[in-house]
Amino acid sequence: MKTLTTTEDLAQFCEMARTKPYVTIDTEFLRERTYYSKLCLIQMAVPDHDGDDAVLVDPLVDDLSLEPLYELFRDTSVVKVFHAARQDLEIFFVEAGVFPDPLFDTQVAAMVCGFGEQAGYETLVRKIAKQGIDKTSRFTDWSRRPLTDAQQKYAIEDVTHLRKVYEFLAAKLDETDREHWVQEELRILTHPGTYVIQPEDAWKRVKIRTTTPKFLAIVRELARFREGYAQSRNVPRNRVFKDDALVELASTKPKTMQDLGRSRLLLREARKGEIADGILAAVATGLACKPDDMPKADRTREKLQVNPALADLLRVLLKAKTESSGVAPKLIAPAADLDAIAAGERDVPALTGWRQEVFGADALRLCDGEIALAAKGNSVKIVNL
């Protein structure tokens, strides 16, 4: 195991990796004190190489450029293998606007190959590579130097065992002709919209009970200010003020610093200076919002006239399909999709792409009365009518 600390050494490893069919990659980062993740370590491994087949890359070293890694990401002849890639991809997209292409996510593949919902890396390594992993270094401070031997061992195992996991799952997908299922899911992971939060849309992430337009207008402006402030200063949004404080402010509608001082939930730091000024300005903007410009709550789900009996039958059908296909049920159709189908909705993910093949087609036949379900021993059988 070698730690790369110069651009030249990184370029040399990446050039070698570009001659291989795949490279496994993982990162270690911190996010507790920042809005954007702070990249602290990169791990990479290649198959069948004489010498250093696995390396650590220290991005905290001055003058080290990650451009050789990004060139590797752009090389479509090499598969870039991650496990649970979302946070890793967000880091690279924010840093350089680049996504690995082609991408393989072993967590997504495992959900398609019968390993349940959100199969953990440790579980896959134990079941596929027949190895155990020491997780004691998982929550250590990866920004401190030097790294301990335990940290380095933990980090490198995240990519060395990943090789066997990838090869097994890739072969399984090829055997079952399900590679295109995984690729459909990965298109979401490699879409910029997955990682970009526009301040004007931040209010949609806040859980609220009151849905009057005036209240929502204030929530929108407070969330817009908080998101923009957090992004521009690279601090966690909860360090500006938390969701419960945001909802309280939207309810109490403070107009002065004295009003802010009466808040029960607002952090002390938010009762003065730029944050306090921003809060008061946001509330004022929300209060002055014209009716036509006020946001409206999404009530489409509330208006659904769900047939409860049909919804229950769809759940039984889904269980039968997951047992026969080995695909995690929530990956095929979450409960909201089943209720939507039972209410007559047809523009739902469960009725498109590979999900249509596995579940959607028979779900529609069940809704149309073309099939019935019958118990046969411990399984459920589809009966054509």
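**Exercise 1. The packing of H8 and H12**

At roughly what angle do the axes of helix H8 (residues 213–233) and helix H12 (residues 273–287) cross, and within what distance do they come? Classify the pair in this predicted model.

*Solution.* 

Step 1. The two axes cross at roughly 150 degrees and come within 8 Å.

Step 2. Angles over 145 degrees count as roughly antiparallel. H8 and H12 are therefore roughly antiparallel to each other.

Step 3. The handedness of the H8 and H12 crossing is right-handed.

Step 4. On the H8 side, the contact residues are Lys214, Ala217, Ile218, Glu221, Leu222, Phe225, Tyr229 and Arg233. On the H12 side, they are Glu274, Ile275, Gly278, Ile279, Ala282, Val283, Thr285, Gly286 and Leu287.

Step 5. Sorted by class, the contact of H8 with H12 comprises 10 nonpolar, 3 polar and 4 charged residues.

**Exercise 2. The packing of H13 and H15**

Determine how helix H13 (residues 308–325) is oriented against helix H15 (residues 335–342), and describe the residues that join them.

*Solution.* 

Step 1. The angle between H13 and H15 is about 130 degrees, and their axes are 9 Å apart.

Step 2. An angle counts as roughly antiparallel over 145 degrees and as roughly perpendicular from 65 to 115 degrees. With an angle of about 130 degrees, H13 and H15 are therefore oblique to each other.

Step 3. The crossing in which H13 passes H15 is right-handed.

Step 4. H13 contributes Leu310, Ala311, Leu314, Arg315 and Leu318 to the contact, while H15 contributes Ala335, Leu338, Asp339, Ile341 and Ala342.

Step 5. The contact of H13 with H15 contains 8 nonpolar residues, 2 charged residues and no polar ones.

**Exercise 3. The chain as a whole**

State the overall composition and extent of the chain.

*Solution.* 

Step 1. The chain contains 16 helices and 8 strands, and its C-alpha trace spans about 70 × 70 × 35 Å along the principal axes.

Step 2. Of its 385 residues, 46% count as buried.

Step 3. The chain exposes about 20000 Å², of which carbon and sulfur atoms supply 48%.

Methods: Residues numbered from 1 in each chain as written. Predicted model: local features only at pLDDT ≥ 70, side-chain atom pairs only at ≥ 80, totals over all residues. Heavy atoms only, no water. Axes fitted to C-alpha atoms, helices over the stretch in contact; angles between N-to-C directions. Helix = DSSP H or I, 4+ residues; strand = E, 2+ residues; numbered from the N terminus. Parallel < 35°, antiparallel > 145°, perpendicular 65-115°, else oblique. Left-handed = near helix turned anticlockwise from the far one by under 90°. Contact = heavy atoms within 4.5 Å. Nonpolar A, V, L, I, M, F, W, Y, C, P; charged D, E, K, R; others polar. Buried < 20%, exposed > 50% of the residue type's maximum accessible area, 1.4 Å probe, protein only. Areas by Shrake-Rupley, 256 points an atom, 1.4 Å probe, with all protein chains shown as cover.
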